[in-house]
Amino acid sequence: MDMTFENVRPDEIWEATKDTLTMTAWSLVFTIVLGFFLGLVLFLTSRRQLLQQSAVYGVLSFIVNIVRSVPFVILMISIMPFTKAITGTTFGVAGTIPPLIVGAAPFFARLVETALREVDRGVIEAAVAMGASKSDIVFRVLMREARPGLFAAVTVTAVTLVSYTAMSGVIGGGGLGDLALRYGYQRFQTDVMLVTVALLVILVQLLQMAGDLLVRRYSRK
């Protein structure tokens, strides 16, 4: 099968695919770490929970809501000085990962909070009655009971990050989004656009399938 495109080499498509995978993987790792911590704090400091602190919850919730309300393209542009200070650049893979994390972590935090809220409160109360420490309740009860919801949250976030990486092409972020913008949109090369869309769809489907497998694996029968 002939895989040549006008003005585009197959290795450029491969490099763009690798850049998208790199951006998604690294940003997902940091998003999970930061978002999980933030979501856990949101849950624990909310009303009727183990560390109820209305002021802390209110401030964190307000910040999360603000960041989530900013469209990702605008967010990327607005935090360019921050990105530049951390990575030394605002372009390419390195310049895209910080905004991806900033944009996705609050989103993931809300999903984590929701997953933890779905845990049967009776299970938590039973652990408290048995004299379990707060750390045991969090890591041995909450985390265990919320695993299906947490895996589902990771899956949704991973898919969202793929779409964010595509949007990063607007500011030269690299990856398939940048390739689609430069060749598919600006040069009207429909074949390149179709290939990049197909690759993104395949990536999303693989992520969704992996996430669904984990959710089924840890769901109660």
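Is tyrosine 218 buried, partly exposed or exposed, and at what relative accessibility? Tyrosine 218 counts as partly exposed at 29% relative accessibility, where buried means under 20% relative accessible area, exposed over 50% and partly exposed in between (1.4 Å probe, protein chains only).

The model is predicted, with local features needing pLDDT of at least 70 and side-chain atom pairs counted only at pLDDT 80 or more, while totals for chains, interfaces and linings use all residues. Residues are numbered from 1 along each chain as its sequence is written, and side-chain values use heavy atoms, leaving out hydrogens and water.

**View A. Aromatic pair of tryptophan 26 and phenylalanine 30.** The structure holds three aromatic pairs (rings of Phe, Tyr and Trp, the last by its six-membered ring, with centres within 6.5 Å; planes under 30 degrees apart are stacked, over 60 edge-to-face, the rest tilted). The ring centres of tryptophan 26 and phenylalanine 30 are 6.3 Å apart and their planes lie at 25 degrees, so this pair is stacked. Both residues belong to helix 1 (residues 10-44), four residues apart, about one turn of the helix; helices are DSSP runs (H or I, at least four residues) numbered from the N terminus. Tryptophan 26 is partly exposed at 49%, as is phenylalanine 30 at 40%.

**View B. Aromatic pair of phenylalanine 151 and tyrosine 218.** With centres 5.2 Å apart and planes at 25 degrees, these rings are stacked. The pair links distant parts of the chain, 67 residues apart: phenylalanine 151 lies in helix 8 (residues 147-167) and tyrosine 218 in helix 10 (residues 190-218). Phenylalanine 151 is partly exposed, with a relative accessible area of 25%.

**View C. Arginine 217 over the ring of tyrosine 218.** The charged end of arginine 217 sits 5.1 Å from the ring centre of tyrosine 218 (NZ of Lys or CZ of Arg within 6 Å of the ring centre and within 35 degrees of the ring normal).

Key. Helices (H or I, at least four residues) and strands (E, at least two) are DSSP runs, numbered from the N terminus.
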